[in-house]
Amino acid sequence: MPMPNGPQGERENYLNKEYGVGSWLFTTDHKRIALLYLMSITFFFFIGGFFALLIRLELLTPVGDLVQADTYNKLFTMHGMVMVFFFLIPSIPAVLGNFLVPMMIGAKDLAFPRVNLLSWYLYIIGGALMLHCMLTGGVDTGWTFYTPFSTAFTNTKIVEAGLAIFVAGFSSILTGLNFVVTIHRMRAPGMTWSRLPLFIWAHYATSIIQILGTPVIAITIVLVAVERTLHLGIFDPKLGGDPLLFQHLFWFYSHPAVYIMILPSMGVVTEIFACFSRKRIFGYSFVAFSSIAIAVFGFLVWAHHMFVAGISVYAALVFSLLSYAVAVPSAVKVFNWTATLYKGSIRYDAPMLYAFGFLGLFTIGGLTGLFLAALGIDVHVTDTYFVVAHFHYIMVGGALMGYLGGLHFWWPKISGRLYPEGWARLAALIVFLGFNLTFFPQFILGYMGMPRRYYQYPPEFQVLNVLSTAGATVLGVGYLLPMIYFLWSMRYGKPAPDNPWNAAGLEWQTASPPTTFNFEEEPVVTWEAYNYDELDAPQTGGAI
Amino acid sequence: MFDNFPLWPDRASSTAGNVDALYIFLLIVSGLMTLLIFIAVVYFAARYRRRRGVLAEQIEGSIPLELTWSIIPLGVFLVIFAWGAVVYFKSRTPPRDATEVYVVAKQWMWKLEHAEGQREINELHVPVGRDVKLIMTSQDVIHSFYVPAFRMKQDVLPGRYTVEWFRATKPGTYHLFCAEYCGTQHSGMIGSIVVMEPAQFEAWMSGGTTGPLSATGEKIFAELGCVTCHRADSQGRGPSLQGVFGKPVLLEDGRTVTADENYVRESILDPGAKIVNGFKPVMPTFQGLVSEEQLNALVAYVKSLSNSGSGGMKANAAAVAVPNAAPAKGSQVNQ
């Protein structure tokens, strides 16, 4: 179905309709807000990445030589806080989700456009508070804020950092709320639940977690601030509090938060696998419901972070069992993606390379989760580099590969330009290799017993640390490349046709870039999702 | 083969082999799983690469396949779960007659005291083949007592006791790490576990000591005046402590708790928390008046009142191992 369009520089679209800073800062267009988010989270990604680089450089040698111990502790703390709260959690939902959720369901915008803008402002206020906190000294508790260290011992900027995360959390809640209402109320005629792209199902599941989980971290932060400033005994045993209560509250949000990062990424690669295999996703309903199952079970496994924290052995037993329960829907997804390739017509464009990368890294991340959920092994490897490697495989290998794959896949739609395919494939390869070189040695380091958050370490761990640092520099190059060629393509890239991949989905049936209200007229959906058989059928015009 | 590039640390405790066996099993399972997916993806990607004129074959899905790849992994997961749970229970249940060592963690050092009275800092000497139980608390923030060669780790919390145990199987010197981030010198809060042959250990133990910990406790017990109310006969204003340790205690409000380390500790620091049936809440708190080390000595003394021998602890092992680890404070309550 080649679309009858060529270069279309003169057509009015959401980008050229209005110019000037004001037209961006006061926009309620979900696509412009998505771009505002794209710019802001990219900024924070490179700040967080810079911290990571310094951490890896410090760990090149067993002794502390590059920075002071206190500085190192602040580096990994700020790396975690920035990457988790200001990059990974907003990444796919706030950028790709914001851009695509209305278009994929055939709506003009999200249900609450002004709330959407408010959520970006909350993010920016939170981000500014976080920057201020970093510039005035930062925090050294680790992103986990464990009490009573955070409430009674450290003299760093806990309350300031907490406030930043508190405010940014509301941005996340509002985005989730907007998606849920939009998906329920704004679907085009004929767009039934069973015809929704799986990207939408993934975002629906994510939104549920954002709405139900985020308030808990907000409350927890308030309690930390109250204990720290007013000395009310909540978590500090000296004041009659319970330090484990904090861990329960913290992980009640922060474990599901991992699913806020990975579920949207699963949604992205599902779209990519379907398009580049030219096939309907194998087991549509199983993939859809596995997203919901992950969101629900994800709320019931938090204490698997606490197997050695001093909880009862019986509680540990229950949480170990439930952790295996949440692994099943993840495994189901992996098998369905693999099966989708079967008898497909597969091309290896950059988005597909990222999706393959996602599949490999997520599989390793998921399987090493089985190690950590096994009580007997967790005792040995928890709080070591094994855990560090595991969650980077999920949160960076999984979530970030999906995010990059999605950015490439929808870049022609977002920018109206094509990115340079050769460079993009090269970058995907570099990211994949660099990632494995950085984080695979850390599994071995962890099992060897190197604890995390160590600024200096016994010399026998050096070889693996050097490998990891070498990998990090490769990875850094892999992340800089897309940044450069995306910017380049905005000016010099070839103008994109409306549907460069001949992909299914309503978002591809509008102009690239789309007009402000997405569709010339409200679409009426009469086909199932991933109708690649119809798109590829010879001699028929296509679905519109 | 991997002498210069080991894949696991020394295996120096009775638990280490169990953990490694499960680890190797998991490596095999996940290796096979990765290989399966890798081969399928590479094969499909090559076999079904796009060719001119060849269209993809649309396949809706398959419920039998979906069930297969849900139920088989679930079965494998349950095996891993059960195996992991067995290893965990073994490593969390201290044998009844374990030798006891009290551990006090603080930013950024480990203070250890043997039941016999020897004190050590950042170093723990133990003999091969003896069960050793660590009764641990922290003076400030949360720490974690981690010995990779023993595959053993337990967080050390302020305000309560946590317990772990091991039986060293191989003489040598092994890393002791703090594994829970605890501030500036977290990575400097390291030490070593020196595992010795029994004869060597006896020689080491005969070095200077102030006498057994329980004797120190008895002295403190007298100095603080505890002895005036907690008399050996049952005529005192407080309950007699003879033979109490490790036994169930009936409380005023009808609950029954086991008198374990945490119960004794709480009764000293917060006497009103659990009043023994038939007694009045007249005891003052000793919060701030006794150090963690003195508390440990008092606990050791109360314990010794229930023992015939010096090292052997009656029911306390089980009592500490399980109920103690409950999440909330007041964990002594057996419901």
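Among contacts in chain B between residues at least 6 apart in sequence, 69% link residues at least 24 apart, two residues being in contact if their C-beta atoms, placed from the backbone, lie within 7 Å. The secondary structure of chain B comprises eight helices and 12 strands; helices (H or I, at least four residues) and strands (E, at least two) are DSSP runs, numbered from the N terminus. Of the 335 residues in chain B, 41% are buried. A residue is called buried if 20 or more other C-beta atoms lie within 10 Å of its own, exposed if 12 or fewer, and partly exposed in between, with C-beta atoms placed from the backbone.

This is a predicted model, in which local features need pLDDT of at least 70 and side-chain atom pairs count only at pLDDT 80 or more, while totals for chains, interfaces and linings use all residues. Residues are numbered from 1 along each chain as its sequence is written, and chains are lettered from A and ligands numbered from 1 in the order in which they are written.

The domain assignment, automatic or taken from a database, divides chain B into domain 1 (99-205) and domain 2 (213-325). The C-alpha centres of these two domains of chain B are 24 Å apart.

Helix α7 of chain B (residues 292-304) has 13 residues and spans 18 Å from its first C-alpha to its last, close to the 18 Å expected at 1.5 Å a residue; the expected span is 1.5 Å times one less than the number of residues. α7(B) is mostly covered, with 10 of its 13 residues buried, among them L295(B), N296(B), Y301(B) and K303(B). Helix α6 of chain B (residues 261-269) contains N262(B). N262(B) counts as buried because 28 other C-beta atoms lie within 10 Å. The C-alpha atoms of N262(B) and T162(B) are 8.6 Å apart, although 100 residues separate them along the chain.

Turning to the partner chain, the contact involves 76 residues from chain B and 76 residues from chain A. On the side of chain B that touches chain A, two or more residues come from each of α1 (16-47), α2 (63-92), β6 (143-147), β7 (152-156) and β9 (172-178) of chain B. The largest share, 16 residues, belongs to α2(B). This side of chain B holds 46 nonpolar residues (Ala, Val, Leu, Ile, Met, Phe, Trp, Tyr, Cys and Pro), 18 polar (the others, Gly among them) and 12 charged (Asp, Glu, Lys and Arg).
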